[in-house]
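Me: Got a model open here and want to talk through its packing. Can you take my questions one at a time?

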Amino acid sequence: MRLKSVSFKIAILFLVFTLFRSSMSGIFSLFYAKNGIPDANISSIKSFQNIGIIFGLLPAGYLADRIGRLKVLALSSLVIATSFFILILFRNFFFFSTAELLYGIGLALNSGTLLAYVTDLQEQTNGDASNYFEFNHINRWKYWYLAIWN
């Protein structure tokens, strides 16, 4: 019973994070437009997120192996929270770009690290995470459905 409960919590946490992450791009674009940023500049601001992802992916695996996955996930959360505070406190192109850069770094730090951590937890709880590595999108959702409801 405990194994099912832990697997359920892991699956729900991962799904909530994935839905949150995928919805933020549109929300940020609307936020920038509401704050008077022209469309061309919104595209420039959003490009800083991609630059941040590139910079964040480079050290992510090394840091996860060196200092631990949970510490990298905590660092990622701190970087993302910092980007949100910048968005709250400042309202100009430079700070929006800086916030997107930090947001991209934070996303990159947790992307592979979170998947590896979830896989480790799955292995610890039910001994088999091999289905998780199927790259077929339908099979991935089927696996999460089975992890939640079985």
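Me: Which residues have the most contacts inside the largest nonpolar core?
Reply: Phe28, Tyr32, Ile37, Ile45, Leu87, Phe96 and Tyr103. That core has 13 residues. A nonpolar core here is a set of buried Ala, Val, Leu, Ile, Met, Phe, Trp, Tyr and Cys residues joined through side-chain atoms within 4.5 Å. Buried means under 20% relative accessible area, exposed over 50%, partly exposed in between (1.4 Å probe, protein chains only).

Me: Which elements give two or more residues to this core?
Reply: H1, H2, H3 and H4. H4 gives the most, with four residues. Helices (H or I, at least four residues) and strands (E, at least two) are DSSP runs, numbered from the N terminus.

Me: What are the ground rules for the numbers?
Reply: This is a predicted model, where local features need pLDDT of at least 70, side-chain atom pairs count only at pLDDT 80 or more, and totals for chains, interfaces and linings use all residues. Residues are numbered from 1 along each chain as its sequence is written, and side-chain values use heavy atoms, with hydrogens and water left out.

Me: OK, Phe28. What does Phe28 touch, leaving out residues up to four places away in sequence?
Reply: Lys46, Phe84, Leu87, Glu100 and Tyr103. Contact means heavy atoms within 4.5 Å. Phe28 is buried, at 6% relative accessible area.

Me: How many aromatic pairs are there?
Reply: Nine. Rings of Phe, Tyr and Trp (its six-membered ring) pair if their centres lie within 6.5 Å; planes under 30 degrees apart count as stacked, over 60 as edge-to-face and the rest as tilted. Phe28 and Tyr103 are one of these pairs, with centres 5.2 Å apart and planes at 85°, so edge-to-face. Phe28 is in helix H1 (residues 2-34) and Tyr103 in helix H4, so the pair ties together parts 75 residues apart in sequence. Tyr103 is buried too, at 3% relative accessibility.

Me: What about Phe84 and Tyr103, how are those rings set?
Reply: Tilted, at 5.8 Å centre to centre with 35° between the planes. Phe84 sits in helix H3 (residues 69-89) and Tyr103 in helix H4, so this pair ties together parts 19 residues apart in sequence. Phe84 is partly exposed, with 24% relative accessible area.

Me: Which residues do ring pairs link into a cluster?
Reply: Phe28, Phe31, Tyr32, Phe84, Phe96 and Tyr103.

Me: Switching to charges. How many salt bridges?
Reply: One. The side chains of Lys46 and Glu100 meet at 3.2 Å, N to O. Lys46 lies in helix H2 (residues 39-67) and Glu100 in helix H4 (residues 93-126), so the bridge joins parts 54 residues apart in sequence. The rule is a side-chain nitrogen of Lys or Arg within 4 Å of a carboxyl oxygen of Asp or Glu.

Me: Is Glu100 buried or exposed?
Reply: Buried, with 1% relative accessible area. Lys46 counts as buried as well, at 13%.

Me: Now the outside. Which residues form a nonpolar patch on the surface?
Reply: Phe85, Ile88, Leu89 and Phe90, with about 440 Å² of accessible area together. Patches are made of residues with over 30% relative accessible area and no salt bridge: like charges are joined within 9 Å, nonpolar side chains (Val, Leu, Ile, Met, Phe, Trp, Tyr) within 5 Å. Areas come from the Shrake-Rupley method with a 1.4 Å probe; for residues, only the protein chains shown count as cover.

Me: Where is Ile88?
Reply: In helix H3. Ile88 is exposed, at 56% relative accessible area.
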